[in-house]
Amino acid sequence: MTDREGAGFDPERKMQFLYQLRQKGVMDKRVLTAMERVDRGAFVRGHFAARAYEDMPLPISSGQTISQPSVVGLMTQALNVQPRDTVLEVGTGSGYQAAILSHLARRVYTIDRHRNLTREAEIAFTKQGLVNITVLTRDGSFGLPDQGPFDRILVTAAAEDPPGPLMQQLKIGGIMVVPVGQSDTVQSLIKVTRHDTGYDYDELMPVRFVPLIEGTARD
Ligand code: SAH
């Protein structure tokens with residue numbers, strides 16, 4: 001990936017990009033500012049890089065996808081990240097979502113089952129000077145018991161139910177946003193809030209994500 005490959009996040013493109021986000025309901029100023037600071041073109045490779053500023057998902061390595069920017073914005077907004085938060089993201093993919101979280105939180109842990117993807121994402125974070133992100137290769141459905149509990153958890157692959165270990169690693173008062181449903185049908189984005197005595201569930205919107213798959217991948 002070189003800067004030449006991407007179209008470049010110039011001011012005009014940035015304005016158009018932010019306009020599209022607002023149109024789709026991304027209104028939170030801090031989220032919009034974070035998304036203005038992260039060049040999506042730096043997370044998309046090859047000939048798709050030219051389409052990085054359009055509101056659509058795009059293919060990345062290992063048969064995975066970088067999510068649609070407006071969905072990234074709406075999920076981040078629903079997560080309501082606070083500056084002192086420690087956030088866990090399950091499904092690093094390109095690293096784009098984690099880069100946005102890194103501007104909003106104190107510390108971000110992001111995990112993917114593909115070493116290929118975590119390696120590339122780590123290079124992109126270093127290039128961009130994002131030093132508060134820790135990238136790990138493992139099955140994210142078990143979370144990170146040693147680093148938790150977390151203030152916020154964002155799952156960017158669809159589970160049939162919110163994984164139990166992730167529920168347990170959510171702090172009291174914490175929020176988890178997770179797409180729930182079968183991989184090949186429409187899924188629902190769910191916001192889980194943990195209270196002293198249990199969990200609240202809010203259904204936010206229909207979404208479509210790649211499935212959360214057990215175990216680590218070969219690449
Ligand atoms: N957040 C990403 C997009 C995620 S695509 C971005 O900003 O680009 C979903 C990702 O979830 C894929 O990279 C896939 O490898 C990963 N994934 C699927 N099942 C997983 C699991 N059990 N543990 C960790 N990652 C998983």
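Guide: Here is a walk through some of the salt bridges, pair by pair. Keep in mind that this is a predicted model. As background, side chains of opposite charge can pair when their charged atoms come close.

D55 sits in the loop between α2 (29-37) and β1 (58-59), while K24 sits in the loop between α1 (11-23) and α2, so the bridge ties together parts that are 31 residues apart in sequence. How much of each partner is accessible? D55 has a relative accessibility of 14%, so it counts as buried, because the cut-off for buried is under 20%. K24, on the other hand, is partly exposed, at 44%.

Next, look at D151 and K171, another salt bridge, with 3.1 Å between the closest N and O atoms. Here the partners are both in strands: D151 belongs to β6 (residues 150-155) and K171 to β7 (residues 170-180), so to speak two distant parts of the chain, 20 residues apart, get linked. D151 is buried, with a relative accessible area of 13%, whereas K171 is partly exposed at 32%.

Finally, find R51 and E54, whose side chains meet in a salt bridge at 3.2 Å, N to O. R51 is partly exposed, with 38% relative accessibility, and E54 is partly exposed too, at 29%.

Conventions:
Residues numbered from 1 in each chain as written. Predicted model: local features only at pLDDT ≥ 70, side-chain atom pairs only at ≥ 80, totals over all residues. Heavy atoms only, no water. Helix = DSSP H or I, 4+ residues; strand = E, 2+ residues; numbered from the N terminus. Buried < 20%, exposed > 50% of the residue type's maximum accessible area, 1.4 Å probe, protein only. Salt bridge = Lys/Arg side-chain N within 4 Å of Asp/Glu carboxyl O.
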